[in-house]
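Subject: Structure for you to look at

Dear colleague,

I am handing over the structure we spoke about, with its sequence, and would be glad if you could look through it when you have time. My notes on it follow below.

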Amino acid sequence: MSLLRIASRSLARTSLLRAPKNTSSMAVTARAFSTRSSHRQQQQQQQMPRTLKAGPSPGVVAALVGGALAGWYFFSSDSADASSDNAWRKVNYHNVYKDIADLLEDEDYDDGSYGPIFVRLAWHASGTFDKMTRTGGSSGATIRFPTESGHDANAGLDVARARLEPLKKKYPNISYGDLYTLAGVVAVQELGGPTVRWRPGRNDNKTESECTPDGRLPDAAQGSDHVRNIFYRMGFNDQEITALVGAHALGRCHSNRSGFEGPWNASPTSFTNFFYTELLNNAWVPKKWNGPFQFVDKETGQFMMLPADMAFRTDPQFRKYTEIYAADQDAFFADFTKAFTKLLELGVKFPEDAPVYEFKTLE
């Protein structure tokens, strides 16, 4: 892709963003929807208009659904090449990182990037861990089997798996568990977030027998008690939970997946602390529609919060950390990278000599 094309695309998309209110003391990043070098350019203060790009066209949705159905078998069978305990040693993970990064940008998908759904895939593949039974987590990659991929919380993730499937064929020795979690790391970093430490060595289960039961992932319609029950089961504390939910700066909800609709902020393909600033600085009112109960910002009605999100504003312990992260993006980044690395490694028995990678973002 030429530099001219990248520049023109970035300028066009920057005009679609809006900065959170009351952020004059913050450096509002001029990150556009491009997933390349624009994310690593010098941050500049910029006031963003209030309009927002709409979702994908019906034709794109139909194509994605059709592709997901055609590719169902890919995710219900295992790769014999990655079955060896030592297969992971044969993979050049720097090359995999680059190839995943090359898959991020697509102006015809959602807000122009697969990054947010890659983060969601990594999250949901890992967030099934139960510290009491030592079951679940990213090792095993059971999210690719119909039993688990069919859970309501995983609706739409077939799109992410289909996008990554060509890389599984290109690098047959990488496990699905490593591929899915690395995709989340790539997305966080290439969309402007912090460096996330990652290591390989997850094994894939060959059958559905170890799929986790439904209900281990958060229910967005619930409140603080439910949020704590879900995350405490994994071994997280209130500070880590609050840091992880900051990933809601990315992406949007889709009524044909979760039932909810809309983005959390105006820059859904930039990893920022905007989730916290929007949550605290906006007035939120119930959305008037025929869908599930959710909130929208009172001023424009363009942005939404889930009932579970509001717990981080109303619960005193959660709010304490929300205020810290709203005021200091560096503090958020530092705590997020530790919590996200912990999430991706829950329940994984890594080889003793598995190296730890800190990948450089693409220039």
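Predicted model: local features only at pLDDT ≥ 70, side-chain atom pairs only at ≥ 80, totals over all residues.

I begin with the largest pocket, which holds about 1100 Å³ of space and is lined by 44 residues, with Arg120, His124, Ala153, Pro218 and His248 lying nearest its centre. By class, the lining divides into 24 nonpolar, 11 polar and 9 charged residues. Helix H4 (115-126), helix H8, helix H9 (238-245), strand E1 (252-253) and helix H11 (307-314) each supply at least two residues of that lining, and H4 gives the most, with 6 residues.

The sheet is an open one, in which 3 strands follow the order E3-E4-E5 with antiparallel pairing. Strands E3 (284-286) and E5 (304-305) stand at its edges, and because each has a single partner strand, one side of each is left without a neighbour in the sheet. Strand E4 (residues 295-297) is joined to E5 by 2 bridges, and Val296 has Met304 in E5 as its bridge partner.

Finally, Tyr232 sits in helix H8 (residues 224-234). Leaving aside residues up to four places away in sequence, Tyr232 touches Lys131, Asn237, Asp238 and Ile241. The C-alpha atoms of Tyr232 and Asp130 are separated by 9.1 Å, although these residues are 102 residues apart along the chain.

Best regards

Key. Residues numbered from 1 in each chain as written. Heavy atoms only, no water. Helix = DSSP H or I, 4+ residues; strand = E, 2+ residues; numbered from the N terminus. Contact = heavy atoms within 4.5 Å. Pairing = 2+ DSSP bridges. 1 Å grid on protein atoms, 1.4 Å probe; cavity = no way out; pocket = protein on both sides within 12 Å on 5 of 7 lines; lining within 4 Å. Points joined across faces, edges and corners; volume = space filled by probe spheres on them. Nonpolar A, V, L, I, M, F, W, Y, C, P; charged D, E, K, R; others polar.
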